[in-house]
Amino acid sequence: MSDNPWTDRIVGARMTVDQAFSARIADSEFSNQQWSLIMTATEFEIEQPDDPDRARIVANTDSVEQIIPELENMPTGMGAMGGQGAGKQGGSSSGGLFASIKGALGLDGGDDDDHADKLQAAERLTQEYADELQSHLESEGRWESVRKSVAADT
């Protein structure tokens, strides 16, 4: 169980959104393994739960920065997903022989730039996921009860 009881109530919805969102991950610069690590480091919160018009799910990615170095050690692209497909790299400019040579020569723009780019991409993608999750809950008629339960707990 998580620290957020409302997230425990929407496990089935999360599984449905995970399946639908998998195509978005396949088109991103992250492998499924990297995305799993990002999601482990992300907490979902409901911002302004007592205001029905402004309440929304937000991705709290404060802990994601800590796992970025580990992401950089994981394989990227389709080959990293356990043999599903051949040789397609994700949308990342990092990875591959050319990037390795550039990095060895110090021409890659530095680890700090790559770190910041990965963090920004992870933040953007997790918020897209949060938006998709809220949209799913709304379409299933569950958003109001979830929002109200969070408002009652705060």
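1. Helix α2 has a kink of about 40 degrees, centred on Ala-20. The bend at a residue is the angle between axes fitted to the seven residues ending there and the seven starting there. Helices here are DSSP runs (H or I, at least four residues), strands likewise (E, at least two), numbered from the N terminus.

2. The model is predicted: local features need pLDDT of at least 70, side-chain atom pairs count only at pLDDT 80 or more, and totals for chains, interfaces and linings use all residues. Residues are numbered from 1 along each chain as its sequence is written, and side-chain values use heavy atoms, with hydrogens and water left out.

3. How far apart are the end C-alpha atoms of α2? They are 22 Å apart. The expected span is 1.5 Å times one less than the number of residues.

4. Ala-13, Val-17, Phe-21 and Ile-25 are the buried residues of α2. Buried means under 20% relative accessible area (1.4 Å probe, protein chains only).

5. His-136 sits in helix α6, residues 111-139. Its relative accessibility is 16%, so His-136 counts as buried. Leaving out residues up to four places away in sequence, His-136 touches Ala-13, Thr-16 and Val-17. Contact means heavy atoms within 4.5 Å. Ala-13 and Val-17 are also among the buried residues of α2.

6. The protein chain has seven helices and two strands. From the N terminus, the order is α-α-α-β-β-α-α-α-α. Of its 154 residues, 36% are buried.

Terms used
Buried < 20%, exposed > 50% of the residue type's maximum accessible area, 1.4 Å probe, protein only.
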